[in-house]
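Here is a short report on one protein model. It covers a pocket, then the aromatic rings.

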Amino acid sequence: LFLSLALACGACSSVSISSDYDPDVDFSRGFASYAWLPDGELKDTGVADALTDKLLREAIDTEMAAKGFTRAGAAPDFFVGYHAAVEQKLATRPSSSAGFVVGSHGRVGTTFGVSSADEVYLYDQGTLVLDFLAADTKALVWRGTASRSVYPANTREERLARAREAV
């Protein structure tokens with residue numbers, strides 16, 4: 001079940017997805033209900049404001065429900081926690097140009113030139129790490145990571161759609 005969550009996101013071509021899990025855990029038994037890791041036990045999420053935290057939790061809850069997991073009020077099978085970060089990255093892309101000139105300063109003739117160079121640019125990469133912890137021991141049993149280029153979204157709906165794509 002847990003792997004299906006990661007595999008379902010694999011169809012999102014613009015999102016880089018990876019996951020890891022504890023091979024000693026039998027996910028086919030007893031992993032149907034979850035609860036959020038209590039705030040006091042969650043280290044820094046990396047999210048600076050309450051609105052973004054609420055949006056990410058909403059996206060995670062929606063995707064968990066779509067995968068058949070139930071959010072439990074008490075006695076969950078496992079806990080969920082997340083961490084998020086945005087980091088500036090440097091990248092290059094090929095850039096080329098070509099030109100053709102006929103005549104110059106009263107002279108007759110032709111010139112043709114081609115130049116090629118890599119263009120360097122900065123972009124923001126967002127990363128969402130989703131952790132599942134066993135309810136009884138709070139040991140990490142599954143971790144999924146999603147990364148992609150992020151751009152400012154104009155509306156809450158756009159930000160929610162991007163968050164759901166990462167989950």
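What volume does the largest pocket have? The model is predicted, and its largest pocket has a volume of about 690 Å³. The elements that each give two or more residues to the lining of this pocket are α2 (50–66), β4 (78–104), β5 (107–134), β6 (140–150) and α3 (156–166). In total, 28 residues line the pocket. Nearest its centre lie T52, L55, L56, V86 and V150. By type, the lining holds 17 nonpolar, five polar and six charged residues.

Now the rings. A pair of aromatic rings is described by the distance of the centres and the angle of the planes. The structure holds nine aromatic pairs. Two of them are set out here.

| Pair | Centre to centre | Angle between planes | Kind |
|---|---|---|---|
| F31 and F78 | 5.8 Å | 35° | tilted |
| F132 and W142 | 4.6 Å | 25° | stacked |

F31 sits in the loop between β1 (16–21) and β2 (33–36), and F78 in strand β4, so their pair ties together parts that are 47 residues apart in sequence. Both F31 and F78 are buried.

F132 belongs to strand β5 and W142 to strand β6, ten residues apart. F132 has 0% relative accessibility, so F132 counts as buried. W142 is buried too, with a relative accessible area of 3%.

The charged end of R57 sits over the ring of W36, 4.5 Å from the ring centre. The charged end of R93 sits over the ring of Y121, 4.0 Å from the centre of that ring.

Technical notes:
Residues are numbered from 1 along each chain as its sequence is written. This is a predicted model: local features need pLDDT of at least 70, side-chain atom pairs count only at pLDDT 80 or more; totals for chains, interfaces and linings use all residues. Side-chain values use heavy atoms; hydrogens and water are left out. On a 1 Å grid over the protein atoms alone, a cavity is a set of points where a 1.4 Å probe fits but cannot get out, and a pocket is an open set with protein on both sides within 12 Å along at least five of seven lines; lining residues have an atom within 4 Å of a point. Grid points are joined across faces, edges and corners, and a volume is the space filled by probe spheres set on the points. Helices (H or I, at least four residues) and strands (E, at least two) are DSSP runs, numbered from the N terminus. Ala, Val, Leu, Ile, Met, Phe, Trp, Tyr, Cys and Pro count as nonpolar, Asp, Glu, Lys and Arg as charged, and the others, Gly among them, as polar. Rings of Phe, Tyr and Trp (its six-membered ring) pair if their centres lie within 6.5 Å; planes under 30 degrees apart count as stacked, over 60 as edge-to-face and the rest as tilted. Buried means under 20% relative accessible area, exposed over 50%, partly exposed in between (1.4 Å probe, protein chains only). A charge sits over a ring if NZ of Lys or CZ of Arg is within 6 Å of the ring centre and within 35 degrees of the ring normal.
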